[in-house]
Amino acid sequence: MTISRREPSDAQRRAAAELITVPPVADELGQRFAAAGHQLHLVGGSVRDALLGRPGALLSAGVDLADAREQDLDFATSAHPEQTLELLTGWAEATWTTGIAFGTIGAQRRGLRIEITTYRAEAYDRVSRNPIVRYGTSLDDDLARRDFTVNAMAFSVPGHEFVDPYGGLVDLAGRTLRTPGAPADSFGDDPLRMLRAARFVAQLRFDVDPAVRQAIVEMAADLGRITAERIRDELTKLLIGADPVAGLRLLVDTGLAEVFLPELPALRMQIDEHAQHKDVYEHTLTVVNNAVRLEGPDGPDFILRMAALMHDIGKPATKAIGADGGVSFHHHEVVGARMTRQRMKALKFPKDTIAQVSRLVALHLRFYGYGRGEWTDSAVRRYVTDAADLLPRLHKLVRSDCTTRNRRKAAGLARDYQALEDRIDRIQAEEDLARVRPDLDGNAIMKLLDIPPGPAVGAAWKHLKELRLERGPLPPDEAEAELFRWAREQGIIE
């Protein structure tokens, strides 16, 4: 692999060093390693983010290190793992060795999580999904094998020397993603780096160097060698980035999405000659952007953003052209919810996350038609009950889905949805919709019908809940009369 060295000037090194504030814990650790004859360097994202001045960056000047708990510090060292473990004994509050096969020892000290990895010069066999770990002999060996130049900078402790052999500082200033060596060699060693490039585009709003982009296009299929779990984690970080749409565009434009999320590029359906439907792909990206804007101070919200990304993936499978040339996508929300479950399951997302995203996809179209005045209070109750704790997200998703350029139509939809939210608030205040239950509980059902616990009690409870949704709260005598009527019809009582 050809390595291009672009080291900074002495003035640049000094300026970079002034931007980095080293926690006392890091210098303490550096002194322990130096006393034992080993080198120790801060590396990776903490150095990059400090130089970028990102809010909350652990090494940034002025950051209150007392508030830096649960953040990580990554180190590279000349010490081998067993030597690192020995140096941590008696100093760290806790240590773990889950990554020792890859040369990494974890530790915790004063609330800071620390990972220390032996210099590596590893290579992949380009068939399996795991690296063949080979320890390097120098910091340069280690930095040369990192994904991008902006992550191939280091800061020594306790010496506080800034090291940047491959021009990461210049690329930071230019907001450019470049690899330390040839992109094809870097991505051949670890194809996940291609997906990581899209993640950094979304997180940091960087551009991708043309040579890097071309290598991704040519090698996108190699991402198939990577485990679903690693891909899932990168996709999650991309979606909760500052500009997820930029990262998603890179995935589609380079062919990466075809490997693990083919439903997204499939949205680029050909527009018919009469332009009877909008560009679903561009519409989807707009919906994602809208969802980001509606998140509020608690964002980023992965569940909402993922639902926005997947909400229309059922359209290609349900597209139909009528006799009059009109285009329809009947039940695309039902098909899309099923496709969402399948894709997220393949990517190994947790079951509860899959359930929440797919339920939002299934419900996102329910609102349309409300403006025609067809909804009863019963329909509103069912809308709220079906959404349950996802209702605030559903509100945001439905509002995000309005991307029409027709200002009058957009204003009408906004008014209609505001009217629905107001109506929900009114009924909620009257009936406590968040906890809709039958007017009679299981114990009352068994006592009134004189039956033991069993399926009949559950069926009666379900019937009374449906009645509650349909008619609202009932007085006790009406609820009891309805229970007896239903029980006689079912043959439960004479």
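Student: What makes Phe200 count as buried?

Tutor: Phe200 has a relative accessibility of 3%, and buried means under 20% relative accessible area, while exposed means over 50% and partly exposed lies in between (1.4 Å probe, protein chains only). Since 3% is under 20%, Phe200 counts as buried. Phe148 is also buried, with a relative accessible area of 0%. Please keep in mind that this is a predicted model, in which local features need a pLDDT of at least 70 and side-chain atom pairs count only at pLDDT 80 or more, whereas totals for chains, interfaces and linings use all residues. Residues are numbered from 1 along each chain as its sequence is written, and side-chain values use heavy atoms, with hydrogens and water left out.

Student: How do you know what confidence the predictor has in the chain, and where is the pLDDT below 50?

Tutor: The pLDDT is the predictor's confidence in each residue, on a scale from 0 to 100; the chain averages 86, and 88% of the residues score at least 70. Residues 65-70 have a pLDDT below 50, and this stretch has nine contacts in the model beyond near neighbours in sequence. Residues 272-276 are also below 50, with five such contacts. Contact here means heavy atoms within 4.5 Å.

Student: How many aromatic pairs are there, and why is the pair of Phe148 and Phe200 given the name it has?

Tutor: The count comes to three aromatic pairs. In the pair of Phe148 and Phe200, the ring centres are 6.0 Å apart and the planes stand at 85°. Rings of Phe, Tyr and Trp (its six-membered ring) pair if their centres lie within 6.5 Å, and planes under 30 degrees apart count as stacked, over 60 as edge-to-face and the rest as tilted. The distance of 6.0 Å is within 6.5 Å and the angle of 85° is over 60, so the pair is edge-to-face. Phe148 lies in the loop between helix 5 (139-144) and strand 8 (154-156), and Phe200 in helix 8 (residues 192-204), so this pair links distant parts of the chain, 52 residues apart. Helices (H or I, at least four residues) and strands (E, at least two) are DSSP runs, numbered from the N terminus.

Student: What makes Phe367 and Tyr417 a pair, and of which kind?

Tutor: Their ring centres are 4.7 Å apart and their planes are at 75°, so this pair is edge-to-face. Phe367 is in the loop between helix 17 (351-363) and helix 18 (377-387), while Tyr417 is in helix 20 (residues 407-431), so the pair ties together parts that are 50 residues apart in sequence. Both Phe367 and Tyr417 are buried.

Student: What makes Ile20 and His41 count as buried?

Tutor: Ile20, found in the loop between helix 1 and helix 2 (24-35), has 8% relative accessibility and so counts as buried. Leaving aside neighbours within four places in sequence, Ile20 is in contact with Val47, Ala50, Leu51, Leu59 and Phe155. His41, which lies in strand 1, counts as buried at 7%, and its contacts beyond such neighbours include Asp74, Tyr119 and Phe155.
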